[in-house]
Amino acid sequence: MEILKTEQLSKIYGEGENEVHALDHVSLVVKEGTFLAVVGSSGSGKSTLLNMLGGLDRPSEGEVFVRGKKIFEMNDEELTIFRRRNIGFVFQDYNLIPILNVYENIVLPIELDGSMIDKKYIDTILRTLGLQKKLTSMPNQLSGGQQQRVAIARALASKPAIILADEPTGNLDSRTGMDVISLLKVTSLEFHQTIVMITHNEEIAQMADDIIRIEDGKIEAGGIEC
């Protein structure tokens, strides 16, 4: 079953001679439970694509569907709520709240939404990511790899439709980076979680189920058949 789709997605910055086509009529389909890597050189449009998929920026043309809903038909408030409930984010710099401990960081999105915490599910995530003994630790007491594990746990906690990971190994050494990608792979299988990951690292991309290559705002390989 498809869980994420784009149709003729375009993003244009500037006007006239300064016009830049960051995305140029990108169409793709991602099936539920897929771990998809999006690769491309710097400035290829992959980060712009991720921002569109997550509803963080609006396209110049085209549509994004998450669980069959056109996300850009929503107003800003509706989109914020939908994003919180359906899209998990894992960023390169972790984005943990420094005054909250590990457990508080993980459940924060659920509490912001006023939802009940599924403690059994959270416990399963903690076991999967090896965080059971770190629940009361503060972010500054953790290594980079541990912080990224917390970020992954936070993204999973609300049971989102998709997780968007933006260069999740960018601040990690190669060994820790591979460990983090292995954990993303495990969570995709364990929780049937759909993950779209941006990366410039070809070796890391090969660990995904499918790969899309994007250059000059266009998909060169993969996409509509994913």
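Predicted model: local features only at pLDDT ≥ 70, side-chain atom pairs only at ≥ 80, totals over all residues.
## Basis

Residues are numbered from 1 along each chain as its sequence is written. Local features need pLDDT of at least 70 and side-chain atom pairs pLDDT 80 or more, totals for chains, interfaces and linings use all residues, and side-chain values use heavy atoms, without hydrogens and water.

## Sheet

An open antiparallel sheet is made of four strands in the order E2-E1-E4-E5. Strands (E, at least two residues) and helices (H or I, at least four) are DSSP runs numbered from the N terminus, and two strands pair if DSSP finds at least two bridges between them. Strand E2 (20-31) and strand E5 (69-70) are the edge strands, each pairing on one side only. Two antiparallel bridges join strand E4 (residues 61-66) to E5, and Val66 lies opposite Lys69 in E5.

## Largest pocket

The largest pocket has a volume of about 390 Å³. A pocket is an open set of points on a 1 Å grid over the protein atoms alone, where a 1.4 Å probe fits, with protein on both sides within 12 Å along at least five of seven lines; lining residues have an atom within 4 Å of a point. The volume is the space filled by probe spheres set on the points, which are joined across faces, edges and corners.

Of the 15 lining residues, Arg84, Ile87, Phe89, Pro109 and Arg154 are the closest to the pocket centre. Helix H2 (76-86), strand E6 (87-90), helix H3 (102-112) and helix H5 (144-157) each give two or more residues to the lining.

## Gly130

Gly130 is in the loop between helix H4 (119-129) and H5. Its C-alpha atom is separated by 10 Å from that of Ala153, 23 residues apart along the chain.
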